[in-house]
Amino acid sequence: MNGWHGRLLNVDLTHRRTWPETLPAEWLQTYLGGRGLGIRLMRDYYQLDPYSAEIPLIFAVGPLCGTPAPTAARLSVVSRSPLTATIYDCSAGGRFAWRLKAAGFDAVKIVGQSSAPVVLKITPQGGELLPAEKLWGSTVGATVAQLDSQGSVAAIGPAGENRVRFANIMMGEGNSVGRGGLGAVMGAKQLKALLVAGNLKVEITDRERFDEARRDILRLFKASPVIYGDLGIAEYGTPALVDLMTQRRMAPTENFRKTIFAAADQYSGPAIRRQYQPKNHGCYGCPIQCKKSTQDGTPLPEYETVNHFGALNGISDLRSIINSNNLCNQLGMDTITAAASLSAWGEIRGRFPRAEEVGPLLEKIALRSGKGDLLAEGAQRLSRQLGKPGLSMSVKGLELPAYDPRGAYGMALAYCTSNRGGCHLRAYPISHEILRKPVPTDRFDFAGKARIIKISEDCNAAIDSLVACKFSFFGASLEEYAELLTATTGIEYSPQKLKEIGERIYLTERFYNLQNGFSAADDQLPSRFFNEAGSSGDGIEVPPIDRLRFDEELQKYYRIRGLDEQGFFVADNWLEQQP
Amino acid sequence: MIRQLRKYADKLQLDGSALPQQTAILAQDDRLLSFGAEALLPLGQAVIERLNVVSLVVAAPPLPLLEILLRRLAEDAQTLIPQDTETRTFLHDIPLVRKEEFSIENPQRIVELLGQRKGVLVEEVGILATGSVTVEQAYINYSSVYHALFVKLLLMLLVDAPPTAIELDLLQPLLKQLQQPIPLRLDDLYRGPLLGKTAILEAIDQVGKRTVELKLVDSFFGNISCRLAEQVFISQSAASLDALPGCIDLVPNDNSSTAGITASSELIAHRAIFAQTAASVILHGHPKFTVIFSLLCEETACKISDCWKDCDKIRYLGTVPVVAGEVGAGGIAKNVPPVIGDGIAVVYGHGVFATGNDDFRQPLATMITLENWCRREYLHRLTNRK
């Protein structure tokens, strides 16, 4: 069975034990890897508290990792989120996933709590726990510098150690397991870092078929203006979207009170290029190379980050935004939630933070000192504590990213149906509502969106399980990736079969969430979006969302998913029927 | 959504790619919606309900192209490899389903293949194509499969075994059409120079509609641009040329804004043409007979197999140069500008780039003239084959 090693590394931090386990072939073939495998491995644990000792923290790669499949050197980290309390997965690139696969494991399942800080070292021989007292308190950069001569590193910073609810896990190359606070889960286990090294190869069953599919994908990348166009992400990184979102009047500004920021051109893709002449970077083996850095190697921010440390807080100073991004990376925090929490706090107290105040505030958050302790709880909790729950621009406790839902109705629906909360990547309707891929849809119309969102969620659950980068699908489709998977494993997969796998994964996540107390009441946007208009102008009207029409489409979505009017499963034993 | 079904059923008739009485379109919202030929709906329903897609077109092309093709293919042939480069890029190969492989009660073979590919050719039915996001997408995929089928078969008739009397008889309606040239009607088009935004947008809209009306482009492919000082107005990616209002991006030459990230994938080629010529407007279409003739090559000792991207020669259709090059960032931008000095160039297996110095009359005229030449030449060669 090529594509998978069929091996899981178990780690019990409480008892300082590590041991390999054979993964059932059926699980691998029906959940693939990454998000899907992680979700399956959580079946006996999903009701545990995110900070309990027993909760697993799972790192899972996919069957294409270790092959030359474009953008597939990625992994997913899965657990329960301390920020949202939902089941949670996060995908990240870099070199770590590729090295983990090369160490001979499809997944690592970490349970327990260490009595002292440790580093988990993984090689083809198994796992080993190393003392890490000296690393505790270190920034991500300092930690990586201490360890990376021995392999690839995934580490937490002070934010994870201090259980900041949106602490992330950083890959040594600067990629982040960014949202939902899985770094805090790692911190609660006193696990400072993972270190992986190995040189095992992944065999490909049908090399000729694989190469043909790969060529098809690269040709589609070249035909995609979003990927390789003159103005695309290979040239400018994701900040290429700043100008577009400004033009479309859907750039969240001042905690979503407005949808356009006049000074956005100060931190747009072209502005960053003018000021920094960036170098290109990318995940291992990725032909797109969308990551950008300064000439001295400092990572430059993504679109979400520039908007949220920019427009969302009323800041136009690019230097400050880059500094905020860098601080979040070093302290180990999600930039979206950090900036959104500052923004919600700013609106509540009547003043958004000035550019020079942001850095010190981020440091306080990571250390949970002073005002930082409240901000470290995220926008939803801090807004409730300050008596203004309506000013948290979040769904299921996850702060919304940089696409205003009043400017894209599929996005509005998808924020609500996402199993991990207000995330743009689960269905990624920006692809068709804004970027016209694979075909354009009317962003100000709900018609047909329920079905589109459902199908996209299924597709993306499969993509997150392969594990491939979403950006690939601005050009390629599941058609070509199914070919790569078939050629790698020798098992016939089709786009239809992958969507069925994705549907199972999506429904499993929803089942877990409903069992944990979530309901249709949590599938809702903040009331601001139904009551307040965005910033109309230049011939574009941005009215409040029609709540009746939204609810109607949400009900359609439930019906298409086979759920009842409250969004619940019709069969209580649905999960028992799954492999 | 039912409006969408009607709209695209109408478009299939207007662009001449499906028979009105043999066209059905189905879509899944929270319930199944359908429009069109009653006789095709049971098969359509049986297929779409088994797939995780939004829409399905089931229709028969207006000529018995599929029947003729199947007779010419080996009995065990399972796929059609498109000759035209855009279909090859976006659809790869197109599966074939024989009549004994399915029934309405058991459409599993069609379902299986549509689960892998965006469109299939089905004996005694026609073309089935799906859309995973919109109804329009099924229309686009249908249109692409039709284009690929048309180009493939008509090329075979020129280069493989000569057409039989029966085949010529079946193709009579097409051959009659070819005797009538595409009308060179230009007087009502916007007259240049195009100096302001309003004039440019109107002129682009006008020529886009005319290009579709004259069937010089298939589905949503093709693109149009106009240079004004240091910026370019260009149609957006995946925009239908007959529905361009609101779908034109303004792209500054100095890249001071990236809002044009949604512009056509051929922006790179358009910019290169503007940079290397005096042209102020560009029209890019896919006239079918020009595409067919661009695929005809008389080289015999050539070792290149992927001609559409690797051929480094300049060939000629009459006096019009033909060069190779992949879509987007894949070579058109490099190969076309050096040869388009006379206002027109053909990309192998793909389509035509035509330029004008003042307005769109000149590129439309040169495109029509070339296509008419190719139509006449095709008719002549086909009917004189022995």
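**A buried lysine, the A–B interface and its salt bridges**

A:Lys292 sits in strand S14 of chain A, residues 291–293; helices (H or I, at least four residues) and strands (E, at least two) are DSSP runs numbered from the N terminus. The model is a predicted one, in which local features need pLDDT of at least 70 and side-chain atom pairs count only at pLDDT 80 or more, while totals for chains, interfaces and linings use all residues. Residues are numbered from 1 along each chain as its sequence is written, chains are lettered from A and ligands numbered from 1 in the order in which they are written, and side-chain values use heavy atoms, with hydrogens and water left out.

Back to the lysine. A:Lys292 is buried yet has no salt bridge, and the nearest side chain of opposite charge, that of A:Glu235, is 7.0 Å away. Here buried means under 20% relative accessible area, exposed means over 50%, and partly exposed is in between (1.4 Å probe, protein chains only). A salt bridge is a side-chain nitrogen of Lys or Arg within 4 Å of a carboxyl oxygen of Asp or Glu. For charge, Lys and Arg count as positive and Asp and Glu as negative, with His and the chain ends not counted. What the side chain of A:Lys292 does reach is the backbone oxygen of A:Gln289, at 3.0 Å. Leaving out residues up to four places away in sequence, A:Lys292 touches a set of residues including A:Ile233, A:Ala234, A:Glu235, A:Tyr236, A:Pro278, A:His281 and A:Leu300; contact means heavy atoms within 4.5 Å.

Now for the interface. In all, 45 residues of chain A are in contact with 51 residues of chain B. The two chains bury about 4,100 Å² between them, with 55% of it on carbon and sulfur atoms; buried area is the accessible area (1.4 Å probe) that two parts lose on being put together, summed over both. On the chain A side, A:Arg219, A:Leu231 and A:Arg436 lose the most area to chain B, together 17% of what that side buries.

Polar links also cross between the chains. The rule finds 23 residue pairs in polar contact across the interface, both residues at pLDDT 80 or more. A polar contact is a pair of N or O atoms within 3.5 Å; within protein, one must be able to donate a hydrogen and the other to accept it, and residues adjacent in sequence count only if both atoms are side-chain atoms. Several helices of chain A each supply at least two residues of the side that touches chain B, among them H7 (207–222), H20 (449–466) and H24 (547–561). The largest share of that side, 5 residues, comes from H20 of chain A. By residue type, the side of chain A that touches chain B divides into 20 nonpolar, 9 polar and 16 charged residues; Ala, Val, Leu, Ile, Met, Phe, Trp, Tyr, Cys and Pro count as nonpolar, Asp, Glu, Lys and Arg as charged, and the others, Gly among them, as polar. Chain A and chain B share 6 salt bridges; in one salt bridge, the side chains of A:Arg559 and B:Asp30 meet at 2.6 Å, N to O.

Two residues give a closer look at the contacts between chains. B:His92 lies in the loop between H4 and S5 of chain B and is buried, at 7% relative accessible area. Its side chain makes polar contacts with the side chains of A:Asp216 (3.5 Å) and A:Glu480 (2.5 Å). Beyond its neighbours within four places in sequence, B:His92 is in contact with residues including A:Leu220, A:Glu479, B:Pro82 and B:Arg117. A:Lys222, in helix H7 of chain A, is partly exposed at 33% and touches, among others, B:Glu326, B:Val327 and B:Gly328.

Over all chains the salt-bridge count comes to 58. B:Asp93 and B:Arg117 form one of these, at 2.8 Å, N to O. This pair links distant parts of the chain, 24 residues apart, with B:Asp93 in the loop between H4 (85–91) and S5 (94–97) and B:Arg117 in the loop between H5 (108–114) and S6 (119–122). B:Arg117 is buried, with a relative accessible area of 12%. A:Arg354 and A:Glu356 also pair up, at 3.1 Å, N to O; A:Arg354 is partly exposed at 44%, whereas A:Glu356 is exposed at 55%.
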